[in-house]
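Visitor: I'm new to this. Could you show me how to read a protein model, feature by feature?

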Amino acid sequence: MTVLSVKDVTVRFGGLIANDAISFDVSEGMLAAVIGPNGAGKTTLFNVISGAMEPTSGTVYFKGELITGLPQYEVSQKGLVRTYQLVQLFKDLSVRANIMTGFHRVTKGGVLAALLRPRWFMEQEARIASRTEELLDFVGLRAVADMEADKLPYGQQRLLEVARALAAEPSLLLLDEPAAGLNIQETAALADVIERVNRQGVAVVLVEHDMQLVMQIAQKIVVIDFGRKIAEGSPAQIKAHPEVIAAYLGGTEGLDD
Amino acid sequence: MTSLNITSTNSKLMDAVRTVVVPVAVVFAVLGIALTSSGYVVTLIGFAAIYGVFCTGLNFFMGYTGQASFGQNAFAALGGYGSAVLTANYYWDPVLALLVSMVLSGVIAAAVGYPTLRLRGHYLAMATFALGLITYEISIEWNSLTQGYMGLSGIPPLGMGKYELVNEKHQLIVLTLVMLLGVWVSVRLRDSRFGRALRAIAGSEAAANALGINVARYKLAAFVVAAVYASVAGSLFAHFVGFISPEVFGASMVILSFTMLYLGGVGTTWGPIIGALIVSLLPEVLRGLKEMQDVVYSVVLIAILIFAPRGLSGLTVLFQRKQTGPDV
């Protein structure tokens, strides 16, 4: 079954076409990647998919349901959860508290419940607490659970952001350049986490610059350049694709000078 | 495993001592000192308790949710005038008048906040400031209801049915208990799904959105909660003093409450209370310095903000056990 379907998404900023009729599908449980040179329109595409931005034309379907035009929080509530290129942690909160905020989508209760604390509320809090510990173990952050989030090294901040997104139990996780700024060990740890998330049945789409990472973990790759989709396929197909090589090396004669 | 459990129970116990037992003990100690002192000290501590309620509410919006409001005095005025008019002119029960004013303030906050909270940062601050100014103007101009600059007098003390708290010391006990109730409610709301959503918004609106949090709705909820606290503070003031005028809820209230909030520690549980107490008492402590009073007052405030940038309640970290982190 198709979990995400992007159809003819076009985004214009004045005269600039950031996304030009981009279409692709992601099936349930798939690990896909969107790649392309700087300025190709990847983040714009992510903003459209996650509901942070409305496309000029085109539509996005999530689990068969039209989500274009919905506010971002409603898209997230349906189970399409994203992370950002620049980490967006709750800096003053502890690592554990950061993860606990992630359960918003899958829990209930407002002011009245918080005040009266009925039994279901307390049971829910207990469930949140135990699930938080599981997630801390899942990304290997238990040792630093009580630290403030912005005291963590950058690689662990990335892992924390993923753990917090997982708390929302997404059926599709969008990761915007998760490996940006990470060293080799940190990237390996992140790749491991992403693969384990995917093995649990969560579909993942990542935008990424790190080619090695993408080729290693993605099952399907969509390549965009100047806002257009120029290729789509398995890592092996993409590596051999002439237009992709041209885009990345600046033309077939690109290295000749 | 067993030793691990013991240490975690121990640290939980220590946390409870630090965050509940010690502060509550301090509050009762201050209350005890006030009760054995002159009427003037009772009045001062009473004001501190009322401001403690106001600032605990403001802390919801500015501390937990990270939004600026320079106009919460508008809702204190609503509460104050609501209670004053209903009890002095219509002879309502003070408790009933307080509750009705609370609801009215909450409804008006929701109606006014809905369009206003679309603004952010400085623009939100300006818009809320205007809210305070408009309320001030109304309280002056609506003569038939508020008696303008003259103010309203003859407001009965707090009470319920036949029982009236005529004695100021009894009133102080009630004010302190209401303040503690306010803190208790704020802690309960903070440590819940609701409170976590607010703190997510303060941390990053983008991330809050991505986690499915309806940012506009939760900001509005925090604004309404803060307004309800402000309204209660206004009502308590009216009954404690027995007289209100527009000046009471003027711009000076905004400045005073901001000083209290930042001095005590914005976003902390007890910060607003500590701030309210110190800012209320400091001018009196310094009174003996005569013309140097204002200078020393300012120096003390600046010194506190320099040496305790997270507010005085941030200093309790000094008594906390060291956080164990990785060597990085």
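This is a predicted model: local features need pLDDT of at least 70, side-chain atom pairs count only at pLDDT 80 or more; totals for chains, interfaces and linings use all residues.

Visitor: How does the radius of gyration of chain A fit a compact globule?

Guide: You compare the value with a rule for chain length. A compact globule with 257 residues would come out near 18 Å, and chain A has 19 Å, so the two agree. The C-alpha atoms fill a box of roughly 70 × 40 × 35 Å along the principal axes.

Visitor: And what is the secondary structure of chain A?

Guide: Chain A has ten helices and ten strands. Take strand 1 (residues 2-13) and strand 2 (residues 16-27) of chain A: they pair in the antiparallel sense over eight bridges. Val11(A), for instance, stands opposite Asn19(A) in strand 2. Two residues lie between these strands in the hairpin, and there Gly14(A) has a positive phi near 60 degrees.

Visitor: How many residues of chain A are in contact with chain B?

Guide: Contact here means C-beta atoms within 7 Å. On that basis, 32 residues of chain A touch 27 residues of chain B. Helix 2 of chain A gives the largest share of chain A's side, four residues.

Visitor: Which kinds of residues make up that side of chain A?

Guide: Sort them by type: 15 are nonpolar, eleven polar and six charged.

Key: Residues are numbered from 1 along each chain as its sequence is written. Chains are lettered from A and ligands numbered from 1 in the order in which they are written. Two residues are in contact if their C-beta atoms, placed from the backbone, lie within 7 Å. Ala, Val, Leu, Ile, Met, Phe, Trp, Tyr, Cys and Pro count as nonpolar, Asp, Glu, Lys and Arg as charged, and the others, Gly among them, as polar. The radius of gyration is taken over C-alpha atoms; the globule rule is 2.2 Å times the number of residues to the power 0.38. Two strands pair if DSSP finds at least two bridges between them.
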